[in-house]
Every structure is written in structure tokens, then in C-alpha cells.
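Please study the sequence and the structure before reading each solution.

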Amino acid sequence: MTAITARTVEYSADGLTMIGHLALPAGVDRRPAVLLGPEGMGLSRANALAELGYVALAFDLRGGRYLGDPEEMLARCLPLLSDPDRMRGIGHAALDVLRTESRAEPDQIAAIGYGTGGAVGLELGRGGVNLRAIGTVNATTTGRPGEAARIRCPVWAGVGSEDPIMPPAQRNAFTAEMQAAGVDWRLAVYGGALHAFHHPPVDHPTVPDVGYHPQHAQRA
């Protein structure tokens, strides 16, 4: 494990002051970078990516707040998921921060995301942003017709087989969109896993049909 440095960064997006988490690997050289999108409650894995040698920015969806209340989290995320332009605005604002970081290679950026954060990464791809890869967990969202043809990188998606929020019909629509657009895509379905299977247990109420699956979380 290498020494890393981390700090918070403030920037504006979606009418809010966002608080991102920037993690840098050891050294002073430029490194490939990852734009990391959290799910609604805001789990960040930027430090783990920095330990692997990447510059990583975990962007914000919530204006610096932790939305531990399930209803409050849904009230924030569901409107975003139905508004591609707002998601792209959030993604572009964070991407601008990452591209101006002196340690980041601006032309070697991948987008990884969980839940709503993963949907933001997909929307950046659908908007034609030059990314090296897109990876999502629990975010087999579909976009506006034809826009997936703008995705210019491989797309990987992971989802739980028992996820009622991303059921088989939703997964099929996602893969049909990717295939019709000629995207280099891959879908991994994790047997027995619910929604948010990657998120360790929390000590407050959550939305129904979520559950941590440590084995699949490690695999994903």
C-alpha cells in the first residue's frame, strides 16, 4: 500500500456548493485519473483508487450533506435520474475539477460510479465526453434514444440478480441500448444480491430491498 494524500475540494454544480474528495497517489508525476460517483448516501472509495496509483475525485451529489434518511435521499436522487441534463451538469462540473488537477492526465480519465453516481458517468458518455472507460454498479440506466452511440469507450456494469430497482426488464433495456449503439459493453449479474450490495451495513434505516453482500462487493 502506497502513501497517499487527500483533501476536500469545493465547486458549484446543480445550484449547490459541492464538496468533493480528491485523493492523490504518492509521487509528483501525472497519473491516469478516475472520476468516482457515489450512490445516494455517499460512499467514497477514492482513497483505495489512489493507493492503486490513480488520481481519484469522488464527486458530490448532495451539496456536502450526508443523506442518511431514505426518504430524503430518494427525494434528491429520483429527480436526478429522470433528468439527463442535470446529471451531465453535475458530471461536467466535477470533471472540470479533475482535469485541472496538476497530477491528473486530462486525456486519461475513466468514470466509475455506484447507483446515481454511476448513472452520471453513463450520461457523460452518452453526452460524448472522451472517457477511457465507464464502470457502474447498480446503475443499469437507459438514456435518450440514440445517444449511447456517442459513447467511445468500454462500458462495464454490475447488478444484483435480486435487485428490484434494476430488474431483468431494466437490465435488458440497458444491454439492448448498448448493443444497438455498437458499444463495447459487459454486464455482470451477481447471484442472490440485492440493490446496493456493495455498501456495508449502516446504523440507520435504509430503503427496502437493499442489502450488503460482502463476497459480491469484493468481486465488483
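A residue counts as buried when its relative accessible area is under 20%, and as exposed when it is over 50%. The model is predicted.

**Exercise 1.** Determine which residues of helix H5 are buried and how they are arranged about the axis.

*Solution.* Step 1: the buried residues of H5 are Arg171, Phe174, Thr175, Glu177 and Met178. Step 2: viewed down the axis of H5, these residues fall within an arc of 155°, so they line one face of the helix. Step 3: an α-helix has 3.6 residues a turn, so residues three or four places apart point the same way. Step 4: on the face turned away from the buried side lie the exposed residues Ala169, Asn172, Gln179 and Ala180. Step 5: the cover over the buried residues of H5 includes helix H4 (116-126), strand E7 (155-160) and strand E8 (185-190).

**Exercise 2.** Check whether the length of H5 agrees with its number of residues.

*Solution.* Step 1: H5 comprises 13 residues, 168-180. Step 2: at 1.5 Å a residue, H5 should span 18 Å. Step 3: the end C-alpha atoms of H5 are 18 Å apart, which agrees.

**Exercise 3.** Describe how helix H3 (residues 84-99) packs against H4.

*Solution.* Step 1: the axes of H3 and H4 are 8 Å apart and meet at an angle of about 95°. Step 2: angles of 65 to 115 degrees count as roughly perpendicular, and H3 and H4 are therefore roughly perpendicular to each other. Step 3: Pro84, Met87, Arg88, Gly91 and His92 in H3 meet Ala119, Val120, Glu123, Leu124 and Arg126 in H4. Step 4: by class, this contact has five nonpolar, two polar and three charged residues.

Note on methods
Residues are numbered from 1 along each chain as its sequence is written. This is a predicted model: local features need pLDDT of at least 70, side-chain atom pairs count only at pLDDT 80 or more; totals for chains, interfaces and linings use all residues. Side-chain values use heavy atoms; hydrogens and water are left out. Helices (H or I, at least four residues) and strands (E, at least two) are DSSP runs, numbered from the N terminus. The expected span of a helix is 1.5 Å times one less than its number of residues. Buried means under 20% relative accessible area, exposed over 50%, partly exposed in between (1.4 Å probe, protein chains only). The arc is that of the directions from the helix axis to the C-beta atoms. Contact means heavy atoms within 4.5 Å. Axes are lines fitted to C-alpha atoms, for helices over the stretch in contact, and angles run from 0 to 180 degrees between N-to-C directions. Angles under 35 degrees count as roughly parallel, over 145 as roughly antiparallel, 65 to 115 as roughly perpendicular and the rest as oblique. Ala, Val, Leu, Ile, Met, Phe, Trp, Tyr, Cys and Pro count as nonpolar, Asp, Glu, Lys and Arg as charged, and the others, Gly among them, as polar.
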